[in-house]
Amino acid sequence: MLIISVIIILDAPGPILYRPVRVGEGGKKFQCLKFRTMFQNEDSVYNKKSTQIGDKRITRVGAILRKYNIDELPQFVNVLKSEMSVVGPRPHRTFLNESMQKQVGGYMIRHYIKPGITGWAQVNGWRGPTETFEQKSQRTQHDLWYIENWSFWLDLEIVSKTVFGKTSKKNAF
C-alpha cells in the first residue's frame, strides 16, 4: 500500500485517499476509504456524478487501480474498524441510497448487515452505473439473494470471483 501511495502522488497532485461518505449497517454513515483514482473528486458527502466510460477525471494510475479493484484496498481499514465486512452489499453514496430506497422495493433490507468490499452483485456484473431501473433492481436483488443465502462457502466463492473472475471486472471504469 505504501508503494501504491507513492505512485498515486507521482501520477497526479492531490491526496492519496478518497474518503466518500457511504451508508452502512443500520443506515449509519461512515467514511469509506479508497485510493484516489481521479484528478479531482467531487464533494465526498453530496457527490452525484457517477464514473462513466472514458471519464476524463480518472488518472492513468487510477484506471489500473480501478480495473483490478486495487483502489478498494484501504477499505480493509474500514473492516478493522467494524464499519464494513470483506463480503456484503457494496455501500452506496448517500444520494444514491436515498434514491434507491424510494425506487426499489426491499432495498433497505440490505442495511441489516455490514456493507462489503466486494459482493454478489459485483461478481455477477452489477457494479458500475445505476442509471436505469434494471441496474438498480438487479443490484438490489443480488444483494438480497446474498443476504438470504449467506454461507462461509459463498463468501469464499465471491472473494475468488472478485480476484480471478472476468465478470467482476465488467463495468470497472
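Helices here are DSSP runs of H or I with at least four residues, strands are E runs of at least two, and both are numbered from the N terminus.

## Before you dig in

This is a predicted model, where local features need pLDDT of at least 70 and side-chain atom pairs count only at pLDDT 80 or more, while totals for chains, interfaces and linings use all residues. Residues are numbered from 1 along each chain as its sequence is written, and side-chain values use heavy atoms, with hydrogens and water left out.

## The overall layout

The protein's secondary structure comes to seven helices and six strands. Walk along the sequence and you get the pattern α-β-β-β-β-α-α-β-α-β-α-α-α. Of its 173 residues, 47% count as buried. Buried means under 20% relative accessible area, exposed means over 50%, and partly exposed is in between (1.4 Å probe, protein chains only).

A contact means heavy atoms within 4.5 Å. Among contacts with a separation of 6 or more, 65% are between residues 24 or more positions apart.

Most residues other than glycine have a negative phi. Back at asparagine 69, phi is near 60°, a positive value in a residue other than glycine. Asparagine 69 counts as buried because its relative accessibility is 15%.

Serine 82 has a positive phi too, near 65°. You'll find serine 82 in the loop between H3 and strand S5 (85–87), and at 42% relative accessibility it counts as partly exposed.

## Inside: the nonpolar cores

In soluble globular proteins, nonpolar side chains tend to be buried together. A nonpolar core here is a set of buried Ala, Val, Leu, Ile, Met, Phe, Trp, Tyr and Cys residues joined through side-chain atoms within 4.5 Å. The largest one has six residues: Val87, Trp120, Val123, Tyr146, Leu154 and Ile158.

## Outside: a greasy patch and a proline

On the surface, Phe76, Val86, Val159, Val163 and Phe164 form a nonpolar patch with about 460 Å² of accessible area together. To join such a patch, residues need over 30% relative accessible area and no salt bridge; nonpolar side chains (Val, Leu, Ile, Met, Phe, Trp, Tyr) are joined within 5 Å, like charges within 9 Å. H7 gives the largest share of the patch, three residues. Valine 159, found in helix H7, is partly exposed at 33% relative accessible area.

Proline 13 lies in the loop between helix H1 (2–11) and strand S1 (17–18). Proline 13 is exposed, with a relative accessible area of 69%. Leaving out residues up to four places away in sequence, proline 13 touches Arg36 and Phe39.

## Rings that meet

There are two aromatic pairs in the structure. Rings of Phe, Tyr and Trp (its six-membered ring) pair if their centres lie within 6.5 Å; planes under 30 degrees apart count as stacked, over 60 as edge-to-face and the rest as tilted. The rings of tryptophan 120 and tryptophan 145 have centres 4.8 Å apart and planes at 25°, so this pair is stacked. Tryptophan 120 is in helix H5 and tryptophan 145 in helix H6 (residues 133–149), so the pair ties together parts 25 residues apart in sequence. Tryptophan 120 is buried at 13% relative accessible area, whereas tryptophan 145 is partly exposed at 36%.

Phenylalanine 152 and tryptophan 153 have ring centres 5.3 Å apart and planes at 75°, so they pair edge-to-face. Both of these residues are exposed.

## Salt bridges

The structure holds six salt bridges, each a side-chain nitrogen of Lys or Arg within 4 Å of a carboxyl oxygen of Asp or Glu. One of them joins aspartate 11 and arginine 60 (3.0 Å, N to O). This pair links distant parts of the chain, with aspartate 11 in helix H1 and arginine 60 in helix H2, 49 residues apart.

Technical notes:
Accessible areas come from the Shrake-Rupley method with a 1.4 Å probe; for residues, only the protein chains shown count as cover.
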